[in-house]
Amino acid sequence: MRASIFRDLLILLVIFGVIWAAFTYFPIFPDEKVLEIPVDKEEKLGELIMEELMADMEETNTPALDSAIYVISETLLENIGLTDYEYDIKVVNNEDVNAITLPGGNILIFSGLIEFVESAEELSAVVAHEIGHVELRHVVKKLIKELGLTILLSVFTGNDPVLIHEIGKIASSTVFDRRQEKKADEYALELLTKSGINPRIMASFFRRLSKEYGDIHESLEFLSTHPNNNSRIKNALQYKLPEDFEEKKLPVDWERVKASLNTHDNS
Amino acid sequence: MMNEVTYHQLPQPDEISEREKEDAMGAYLMMFASIGAGLPLPIINMIAAIIYYYLNRSKSLFVKFHALQSLLSQFPTSIMNAAAVIWSFRILITEMEFSDLWKGYLIMVVVANLIYFIFSIVAAVKARKGRFYYFLFFGKLTYDHVYRVRAEAEDMSTVNQPPKI
């Protein structure tokens, strides 16, 4: 009798163990609603939103700034691996210290942020973070969460300008949830390391940011849902560098970039 | 089977009183009520089950069997439910990812609860008819515990002794 009881117990454990394992490895709830919006559709959506947003914004161009952005994006994109996105990184004239990620790999950096960062490496950290949001498809996930899939898909059938305006607003509000911010941070740390930029730069950037603006500041929307600035600083500092890590300096004269921005403003 | 282990004879449906049948059925049905009350932390239903068992175990072996089987079979389910609640809270508080492992566990818990519910209803119906119903593992365990003839059970009557000189 005893032996048979133990055998039954074993059977039960095996049954439930198998159920657990099976549903772990073959999840029946694919949370990939985001797959319904393939990248090419996302890029189309990005174009529509960009058109909408750029109507109110002015792009900032100076040769020094353009080449700095070019160097930064080339350095990062070279190390990002396979990607479905065609990135378009623009600087727009806006006082806020902010950067926003739009669908389809469109990243807008505000000129206020350019003024704020102290080196091209710091700006790379921010751009890497935004690339993380793109690659991890946070933008589309956010839009699906806010609007629902049906409405989002309806953009592609009818060109409803009001709807596009709304989507543009949501997309540029840059509010990601904490989990997504954390993921994007992790992505950025890895990308920076691969690109030969010391990921600790993120820590110093965040520290300066909270020193300057306190922990929460309205213009810092892209940090306000932060997993608390301190923990982000900590994560950046704790990030393990590979042993063969070799720090490279970006060939950018940051002071000149800033200076060019000021003369551009004055002109 | 070991040589010395013997079991009491099982009562047949016509030998069991209506009252016993109802008490035996109640053991299963009560769990549903108390599981509802015990959410989200399934502690209350465990306490209720234990109380029910201790109140009814002396009534008859038939009632004791069903009360104990119901009690034992809900232990693992309750613990799994509690673990699911605690795990979920941990994830929410520490902002970890809802991992596949967690999702798999949650589905397993749902399946376990469904199985528990279905088998409990079947057992309640059978008990009401004065029949036995053995759950996998728990049935045998309970039978072994309740119906095994124990050596000490042979002389239930204690004999009063004069004080030792």
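How many salt bridges are there between chain B and chain A? The count is two. This is a predicted model, and every value below is computed from it.

**The interface**

One of the salt bridges joins B:K140 to A:D8. Their closest N and O atoms are 3.1 Å apart. Five residue pairs across the interface of chain B and chain A are in polar contact, with both residues at pLDDT 80 or more.

The most comes from α4(B), with 10 residues. By type, the chain B side that touches chain A has 18 nonpolar residues, one polar and seven charged.

The totals for the pair of chains are set out here.

| Item | Value |
|---|---|
| Chain B residues in contact with chain A | 26 residues |
| Chain A residues in contact with chain B | 22 residues |
| Area buried between chain B and chain A | about 2,300 Å² |
| Share of that area from carbon and sulfur atoms | 69% |

**Helix α5 of chain A**

Now to a helix in chain A. Helix α5(A) covers residues 120-135, 16 residues in total. At 1.5 Å a residue, α5(A) should span 22 Å.

Is α5(A) buried or exposed? Of its 16 residues, 16 are buried, so α5(A) is largely enclosed by the rest of the structure. Just after α5(A), A:R137 takes a positive phi of about 60 degrees.

Terms used: Residues numbered from 1 in each chain as written. Chains lettered and ligands numbered in written order. Predicted model: local features only at pLDDT ≥ 70, side-chain atom pairs only at ≥ 80, totals over all residues. Heavy atoms only, no water. Contact = heavy atoms within 4.5 Å. Buried area = accessible area lost by both parts, 1.4 Å probe. Salt bridge = Lys/Arg side-chain N within 4 Å of Asp/Glu carboxyl O. Polar contact = N/O pair within 3.5 Å; in protein donor to acceptor, adjacent residues only side chain to side chain. Helix = DSSP H or I, 4+ residues; strand = E, 2+ residues; numbered from the N terminus. Nonpolar A, V, L, I, M, F, W, Y, C, P; charged D, E, K, R; others polar. Expected span 1.5 Å × (residues − 1). Buried < 20%, exposed > 50% of the residue type's maximum accessible area, 1.4 Å probe, protein only.
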